[in-house]
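Dear colleague,

I am passing on the structure we spoke about, with the sequence alongside. Please look it over first; my notes follow below.

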Amino acid sequence: MIFDIDMIREVYEDLPAKIKQVKEILQRPLTYTEKILFSHLSPGVQVKNYKRATDYVDFAPDRVAMQDATAQMALLQLMNSGRTSVAVPSTVHCDHLIQAYQNATTDLETAKVTNKEVYEFLKDVSNKYGIGFWKPGAGIIHQVVFENYVFPGGMMIGTDSHTPNAGGLGMIAIGVGGADAVDVMAGLPWELKMPKLIGVKLTGKLSGWSAPKDVILKLAGILTVKGGTNAVIEYFGEGAETLPATGKGTICNMGAEVGATTSIFPFDEKSAIYLESTGRKDLADAARGLMEYLQPDPEVVANPEKYYDQLIKIDLSELEPHINGPFTPDAAYTISEFGDAVRTNNYPRRMEVGLIGSCTNSSYEDLTRAASIVNQAREDGVPVKARFLINPGSEQIRYTAERDGILKIFEDAGATVIANACGPCIGQWKRDDVADNRVNSIVTSFNRNFARRNDGNPNTHAFVASPELVAALTIAGDLCFNPLTDTLTNEKGEQVKLSEPVGIELPPRGYEVKDTGYVAPLGEGKSVVITIDPDSKRLQKLEPFSVWDGEDYTELSLLIKVKGKCTTDHISMAGPWLRFRGHLDNISDNMLIGAVNAFNDRTNAVLNPETLEYTPVPKLARMFKSKSLGSIVVAEENYGEGSSREHAAMEPRHLNVKVILVKSFARIHETNLKKQGMLALTFVNKDDYIKVQERDKISVKGLKEFAPGKNMMIELLHADGTKDNFEASHTYNKQQIEWFKAGSALNAMRRNNNLEI
């Protein structure tokens, strides 16, 4: 079955003429990214040479994808939009709320009971508005989307930061907050800053222990966690043509870890073969007929330095396996370097758990390559020394892998197969052996490894690697083991060297599944009644935020001055807090509890200016709000990196935080703040961060003259009566300023639809 085939045909019918027109106007060759972006301009938007990383442009994406944790708030906002149905194909995927604990069967049944209220809400709203619904257990959003919805040359947004996974099949797919998704589902233009283009030329061919995962792990070390901000990473070159589609998906998935807007590979024969293998031959053939429009122009490939803002070259033939971490995905080491890094940094050497799967690495080939290592170890009598968890990316992957005996290889080695869900990748892992927050090490094939990310333990050192390397380290139980050079001792006392992994790109007998888990929406949803229990602890009707009162912000209380890295996990933790994703007031009790206070190096301990005692961040914010006092958050670089979760913007808004003032923002989070009517400012002089004192009252002057490109003045009133003044800049355009004045983008939409705010 090919979903949305009529929509795809319409896109393909228009594509040649659109690209021809763009090239005639711009008078130059086009990268593949540009072909998709310019062919998806919102109706009426002019074709011109937009200034990259500066000009805002309106686009018309083809579809929207949402996962159950972020979908709750997105759909609560959609219910307030005045729409009766979605304007573009949209789906909800139930993958985040399933906790990994015992095994797939038990954990899934537990999730269905504990999350029943939320699942029913999501299903009802999906039926009412014409949204496709994927049941819990169907799989992880990005894997399911890859198997069913992605089409080369298309454009999609998704309420999850790893939506770029779809770039592996040649689609521009961008992670956003729920408010952005509501815009697109409501048929409105979607605004994006025209991205810079980072070209990555791949040559050679992978071999031995090296895997597609190593491409992005190496690139993360080059670009760092913010090196891709406001940029699309476009891969090209003869090396790209050697990679399987699912491997390209892995690489694009983790582009989120360098802050990239998205990542993309051109369409090629590997892409077509994957489409055919997943039941989309007609789509593959249609794309083959448009090959020249689904790749960068030959002139771009021949002279890439002329068309990309930055060019990086990677020879796949020389690429060594990498392992990144801990606590940040850009701490990159080759496997030959990693042992020394473990010893030098005193990382816990004993590797306790290996985890394979997730949206990043759960393809058939991923599992077979890892299984080949495990199988060889069993045959040679080498014991597995660490715990093993396997989480397939979709029911189709799980069923096919079980049918072909792949899962049995892992199970015979003592592995536990957990549900087709995110699980430990997003903190949904009930791990009994670290209840005391002890120091330990794990290695995963996931994408993100911030502190507390996997198991809630701040002392878990999480490292990211390819599935085959995870398998080898799990067998060894030793972070310093290098499978390329080292041996292991078998049960007979013999030294055994692990052979190079061997994988199968696509299942020889084809993919198979008995129940995909898809539920089509009702043909007519007007009769569906959505009820939310006012006493519910999980769901809460969303009330519009208040409009701006037209005045400058004067003497705001400092809520917290954050020190160091502050991701969306620090601002709004996942794990057990996921159960409150549909209840803004309840989840606001986790606001900034993971952020480090610059004045005492503690988390969740900020100074109450009245009592001069340290108190939890949400408690102090609620105290300010109860007295109708606004507050401000001050932070450092790349504030809000990581997940797309808009709760990290909505919680401060709900608790009357007026301003976020930082050295720099991560792209998605800055947009989320703007959408919710927050004031997002950056220091013009980053050293002014040092001037902010613990008991400051902070004023923002110039709001009455709020205009694009016009800086504002910040006044610090210190406790001793002295003052400091400095400038702060912003990136708001005229439309975003209207969001601020209306109280949120949703309020502005309601106003335009003549609805009450």
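In this predicted model, Gln-67 stands opposite His-93 in β3, and Ala-65 is placed opposite Thr-91 of that strand. The two strands concerned, β2 (residues 63-67) and β3, run parallel and are joined by 4 bridges. Between them the chain passes through helix α3 (residues 68-79), and this β-α-β crossover from β2 to β3 is right-handed.

On its other pairing, β3 meets strand β4 (residues 132-134) in the parallel sense over 3 bridges, with His-93 standing opposite Trp-134. In a regular strand, side chains alternate between the two faces of the sheet. Within β3 (residues 90-93), Ser-90 and Val-92 point one way while Thr-91 and His-93 point the other way, and all of these residues are buried.

These strands belong to an open sheet of 6 strands with mixed pairing, in the order β6-β5-β2-β3-β4-β21. Because β6 (172-175) and β21 (518-519) stand at the edges and have a single partner strand each, one side of each is left without a neighbour in the sheet.

Methods:
Residues are numbered from 1 along each chain as its sequence is written. This is a predicted model: local features need pLDDT of at least 70, side-chain atom pairs count only at pLDDT 80 or more; totals for chains, interfaces and linings use all residues. Side-chain values use heavy atoms; hydrogens and water are left out. Buried means under 20% relative accessible area, exposed over 50%, partly exposed in between (1.4 Å probe, protein chains only). Two strands pair if DSSP finds at least two bridges between them. A crossover is right-handed if, with the strands pointing away from the viewer, the path from the first strand over the helix to the second runs clockwise.
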